[in-house]
Amino acid sequence: MSREIPSVEFVNFQDIIDIIQPGESVLVEYRTSYVPEFTLKLSADYTRENGIPPLIIDDNFDTLYTLVLHLRLMGVEVNLDHAYVVKTGGEPTISEEKSNG
């Protein structure tokens with residue numbers, strides 16, 4: 001059964017996540033905002049709470065490090081212990097930042 005995302009500007013995050021099938025890739029387009037930070041937080045929480053294995057993150061040139069740092073500066077913690085991170089370019093990793101911070 002195929003479900004379509006409602007064609008409105010604001011949709012429920014869970015409705016979007018529920019239609020993604022295992023093995024599919026998702027590209028999030030956004031304007032300048034905190035959309036990527038909160039998309040990371042919501043994705044991490046949703047996959048953990050619903051036992052969806054695993055969350056795979058393609059970290060391009062320290063983007064993940066920056067997103068997690070932005071969230072922490074806002075007082076929001078994100079648990080990525082269940083995620084696999086594929087690092088493509090850049091220097092710091094979240095685990096290095098934790099151990100050196």
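1. Phe-61 is exposed, with a relative accessible area of 63%, where exposed stands for over 50% relative accessible area, buried for under 20% and partly exposed for what lies in between, using a 1.4 Å probe and protein chains only. This residue belongs to the loop between S1 and H3, and although Phe-61 is not a glycine, its phi is positive, at about 50°. As background for a first reading of such angles, most residues other than glycine have a negative phi.

2. Before going further, please keep in mind that this is a predicted model, in which local features need pLDDT of at least 70 and side-chain atom pairs count only at pLDDT 80 or more, while totals for chains, interfaces and linings use all residues. Residues are numbered from 1 along each chain as its sequence is written, and side-chain values use heavy atoms, with hydrogens and water left out.

3. Asp-62 is also found in the loop between S1 and H3, and it too has a positive phi, of about 70°, without being a glycine. With a relative accessibility of 17%, however, Asp-62 counts as buried, whereas Phe-61 is exposed.

4. The element names used here come from DSSP runs numbered from the N terminus, a helix being a run of H or I with at least four residues and a strand a run of E with at least two. Strand S1 covers residues 55-60, and its covered face carries Leu-55, Ile-57 and Asp-59, while Ile-56, Asp-58 and Asn-60 are on the uncovered one. This pattern can be read with a general rule in mind, namely that in a regular strand the side chains alternate between the two faces of the sheet.

5. Which strand pairs with S1, and in what sense? The partner is S2, residues 83-88, and the two run in the parallel sense over 6 bridges; strands count as paired if DSSP finds at least two bridges between them. Within this pairing, Ala-83 of S2 is the bridge partner of Leu-55.

6. Together with helix H3, residues 63-73, the strands S1 and S2 make a right-handed β-α-β unit. Right-handed here means that, with the strands pointing away from the viewer, the path from the first strand over the helix to the second runs clockwise.

7. Asp-59 deserves a separate paragraph, since at 3% relative accessibility it counts as buried. Leaving out residues up to four places away in sequence, Asp-59 touches Leu-64, Val-85, Val-86, Lys-87, Thr-88 and Gly-89, contact meaning heavy atoms within 4.5 Å.

8. Lys-87 and Asp-59 form a salt bridge whose closest N and O atoms are 3.0 Å apart; the term requires a side-chain nitrogen of Lys or Arg within 4 Å of a carboxyl oxygen of Asp or Glu. Lys-87 lies in strand S2 and Asp-59 in strand S1, so this pair ties together parts that are 28 residues apart in sequence. The side chains of Asp-62 and Lys-87 meet in a salt bridge as well, again at 3.0 Å from N to O. Because Asp-62 lies in the loop between S1 and H3 and Lys-87 in strand S2, that pair ties together parts 25 residues apart in sequence. Salt bridges that share partners thus join Asp-59, Asp-62 and Lys-87 into one network, in which Lys-87 counts as partly exposed at 28% relative accessibility.

9. A search of the whole structure finds 4 salt bridges, and one of them joins the side chains of Asp-45 and Lys-41, at 3.1 Å from N to O. Both of these residues lie in helix H2, residues 35-49, where they are 4 residues apart, about one turn of the helix. Asp-45 is partly exposed, with a relative accessible area of 23%.

10. The largest nonpolar core has 12 residues in all, among them Leu-40, Ala-44, Leu-55, Ile-57, Leu-80 and Ala-83; such a core is a set of buried Ala, Val, Leu, Ile, Met, Phe, Trp, Tyr and Cys residues joined through side-chain atoms within 4.5 Å. The elements that give two or more residues to this core are H2, S1 and H3, and H3 gives the most, with 4 residues.

11. Leu-80 is in contact with Leu-40, Ala-44, Leu-55, Ile-57, Leu-64 and Val-68, leaving aside its neighbours within four places in sequence. Ala-44, in helix H2, is buried with a relative accessible area of 1%, and its contacts, not counting residues up to four places away in sequence, are Leu-55, Val-78, Asn-79, Leu-80 and His-82.
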